[in-house]
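Here is a short note for a colleague who is opening this structure for the first time. Please keep the model on screen while going through the points.

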Amino acid sequence: MLERLTPQAPDALLALIKLHAADPRTDKIDLGVGVYRTGQGDTPVFAAVKKAEQILVDQQDSKSYLGPEGDMGFVNALMPHIFGSDATMGGRITGMQTPGGTGAVRLAVALAPKAGVKQLHLGKPSWPNHAQILNDISLDVVWFNHAREDGTADLDAVLEAIRSAGSDAAVLLHGACHNPTGIDYTPEQWNAIADAFAESGAFPIIDLAYQGLGHGMEEDAYGLRRILAAVPEAFIAYSCDKNFGVYRDRVGAFYAMTREPEDLDTVFSNANALARAAWSMPPDHGGAAARIILRDPALTELWLDELTQMRQRMRQVRERLGQAGMAGSVDLAPLAHQNGLFSMLPVTPEQVKQLREEYAIYMAGSGRINIAGLTMGNIDKFIGAVAAVTG
Ligand code: LMR
């Protein structure tokens, strides 16, 4: 029976991790999977996380089951950072813990059709796993363009997509630090997007996987909060994997905002049933560490300081790339105005291959680069290589 299965290609992005690890060249540059790296090229555990983990080791007295919703202390402690001072919007928002942002996206798009969503509008390009998840649950995807060739947002196309979506459709937007383009919306553009949602009745699903890596925790939540203020209901998929640096611990949360507070119970009875069937319960460790940080003002301050350092380093790299301007046929200037871990280079798959084989520079086949893989020690080599390959 099992011989009937057809082989599947490995996930291209995850395959790149192994390819890079196997490359013996000492000057190799990893711009592949989205993990933060310091100026020395490391991905250390946050000091705040280490301290919280120590407290967890000392104080945790049981590893007994929690339930499909996971650690609600973690889920609730995160809410003011995501939603602001009125974190429940008058009792209309609650959430549950998920295995990473992927689990949260999965819950959001699996639950939406049960409430009548017939199709989902998604900006192209998007995080490749969005399409894989949607394909897996057989939800129809309607693609729209959201990026201009000059590396800025195509707001008209986004507004048109939302207005044309209708009330039986969802529109999935990245809340900040768009993956893979780095192209975010200005506050004025978010205002227009929120108004378009209010007019069309389309259901917003906001994927916020990089809060704090763009302009700051508050700034990166602007669009989400603006949309939630304009619409009656929405889903939010959240990841702590990047902003707490707990990638392999898989720390995420799914939130729903309902029309009325009393609708939340039914929504989460469905979400709990989906979670139970898929993963039963989320892994606890990373969420528990994040809860300890979020409930302790000194640890929260330490965590936010570390996040600020990450953001500032990536901003420096972006500025340096922007100053370089043209590298061969690639204009690096727009990267200075983009946000977060990622940007896209207009390079062909052949050029990506050439960069890997001749220069030991690893990036996704799409031309996406992880900005944090660049340091002041390797950035000139990178710029030179892009110029050589595309010139
Ligand atoms: C990425 O896009 O590199 C990250 O979100 C990691 C992943 O799971 O794809």
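**Notes on the predicted model**

1. Start at the ligand. Around the ligand sit Leu-13, Val-33, Gly-34, Trp-127, Asn-129 and Asn-179. A residue counts as near a molecule here if its C-beta atom, placed from the backbone, lies within 6 Å of it. By class, this shell holds three nonpolar, three polar and no charged residues. The classes work as follows: Ala, Val, Leu, Ile, Met, Phe, Trp, Tyr, Cys and Pro are nonpolar, Asp, Glu, Lys and Arg are charged, and the others, Gly among them, are polar.

2. A word on the basis. This is a predicted model, in which local features need pLDDT of at least 70 and side-chain atom pairs count only at pLDDT 80 or more, while totals for chains, interfaces and linings use all residues. Residues are numbered from 1 along each chain as its sequence is written.

3. Next, the domains. Domain 1 covers 11–44 + 311–390, and domain 2 covers 65–295. These bounds come from an automatic or database domain assignment. The C-alpha centres of the two domains lie 27 Å apart. The contact takes 17 residues from domain 1 and 21 residues from domain 2. Two residues are in contact if their C-beta atoms, placed from the backbone, lie within 7 Å. The ligand shell draws on both sides, with at least three residues from each of domain 1 and domain 2.

4. Which elements supply the side of domain 1 that touches domain 2? Helix α11 (297–324) and strand β11 (342–344) each give at least two residues. The largest share, three residues, comes from β11. Helices (H or I, at least four residues) and strands (E, at least two) are DSSP runs, numbered from the N terminus. The residues of this side divide into eight nonpolar, seven polar and two charged.

5. Look at helix α10 (residues 285–295). Nine of its eleven residues are buried. Buried means that 20 or more other C-beta atoms lie within 10 Å of the residue's own; exposed means 12 or fewer, and partly exposed is in between, with C-beta atoms placed from the backbone. Among the buried ones are Gly-286, Arg-291 and Leu-294. The buried residues of α10 pack against α2 (47–59), α3 (72–83), β2 (93–99), β8 (251–257) and α11.

6. Met-257 belongs to strand β8. Is Met-257 buried or exposed? Met-257 is buried, with 24 other C-beta atoms within 10 Å. Leaving aside neighbours within four places in sequence, Met-257 is in contact with Met-89, Arg-92, Ile-93, Leu-228, Glu-233 and Ala-234.

7. Check the backbone too. Most residues other than glycine have a negative phi, and most peptide bonds are trans. Lys-124 and Pro-125 are joined by a cis peptide bond, with omega about 0 degrees. Pro-125 lies in the loop between β3 (119–124) and α5 (128–136). The bond from Asn-179 to Pro-180 is cis as well, with omega near 20 degrees. Asn-179 is also one of the residues around the ligand.

8. Finally, positive phi. Ser-138 is not a glycine, yet has a positive phi of about 60 degrees. Ser-138 sits in the loop between α5 and β4 (140–145). Ser-138 is exposed, with 7 other C-beta atoms within 10 Å. Ala-360, also not a glycine, has a positive phi of about 60 degrees. Ala-360 is partly exposed, with 18 other C-beta atoms within 10 Å.
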